[in-house]
Amino acid sequence: MKVLLTGASGFLGRHVLEALRCRGIETVLVGRHRPADCPLEEYIETDLLAEPDGGTLFRASGATHLLHLAWYVKHGQYWTSELNPRWAEATVRLVDGCCRAGCQGMVLAGTCAEYDWSGGICLEDSTPLRPATPYGASKDAARRQAMALGVQHQVPCAWGRVFLPYGSGEDPRRLVPSLIEVCRGRRAPFAVDAAAHRDFLHASDVAEGFVTLLNRQASGEFNISSGQPVEIGTLVRELARIMGADLQAVLDLSVRRPGEPPLLAGDNRKLRALGWHPQLSLTQGLERTIREALA
């Protein structure tokens, strides 16, 4: 197996690349920015939004499989960005080209934002798909066309829906790194929805989920989630305990956020059936994230 990997310089991409390398899986990276530790011969520079022919790209890489993570994910902007439809189109062009160039298997990154969130626990085969944002709608549109192309060309195609990943390399404005900065006295306390339950999963376990889908030649939709919703207030208190800090000021600012569900989590039994299991508990994941943030 030789994998063409997009999005390797991003938050999840760095963890996926590490997981592939740990298994000795040969990988070619493609994108606008070459990671510092990537040899030139393992990198193809291109802007996927402007790339007209995914087949030429795939053949040039010498890859046998595609693992596509790249998308516009700038914090606070990706939900409504006008780039979402363009990324959906770029994804379909890439998938179509790879299929025509002899790709043997594809794994693509989806999102829990494709689901109707009113039900709480999301299941791949029964929860309605009702994205409420341009980001979720564009991801869902890309999925539908990618899966159809996989069927047409008889190429296994797996779509991994990510819930709430955290870990090193995460945008510093997201929840966990922001709480770490409050603990260090570098940021003022801020409001959270302490009573809401969310599905947090360390990025290394998310990466292992993608690699499992790749290795198992899986087809269909899979939640990449912990399957264990955690109250945000519990996460705040656990992070404070690990760091020996007091985050009561954060909890005192807790507010309900209109329009956001009290519970959002993913059933992960389909992925577990392929042999994947989270390796880190919430406490272990937070300990690792804090250790790496303070290093």
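Let me start with strand β6, which is joined by 2 bridges to strand β13, residues 263-266, the two running parallel; within that pairing, I121 has A265 of β13 as its bridge partner. Strands here are DSSP runs of E of at least two residues, and helices are runs of H or I of at least four, numbered from the N terminus, while two strands pair if DSSP finds at least two bridges between them.

What I am showing is a predicted model, in which local features need pLDDT of at least 70, side-chain atom pairs count only at pLDDT 80 or more, and totals for chains, interfaces and linings use all residues. Residues are numbered from 1 along each chain as its sequence is written, and side-chain values use heavy atoms, with hydrogens and water left out.

Coming back to the sheet, 4 strands form an open, mixed arrangement in the order β6-β13-β9-β12, and the edge strands, each pairing on one side only, are β6 (121-122) and β12 (230-231).

Now the cysteines: a search of the whole structure finds 0 disulfides, a disulfide being a pair of cysteine sulfur atoms within 2.5 Å. C38 is in none, the nearest cysteine sulfur, that of C22, being 16 Å away. The sulfur of C98 is 5.3 Å from the closest one, in C103, so it is too far for a bond. C98 is buried, at a relative accessible area of 0%, where buried means under 20%, exposed over 50% and partly exposed in between, with a 1.4 Å probe and protein chains only.

Finally, Q154, in the loop between α4 (134-153) and β7 (157-162), has a positive phi of about 60° although it is not a glycine, and Q154 is exposed, with a relative accessible area of 72%.
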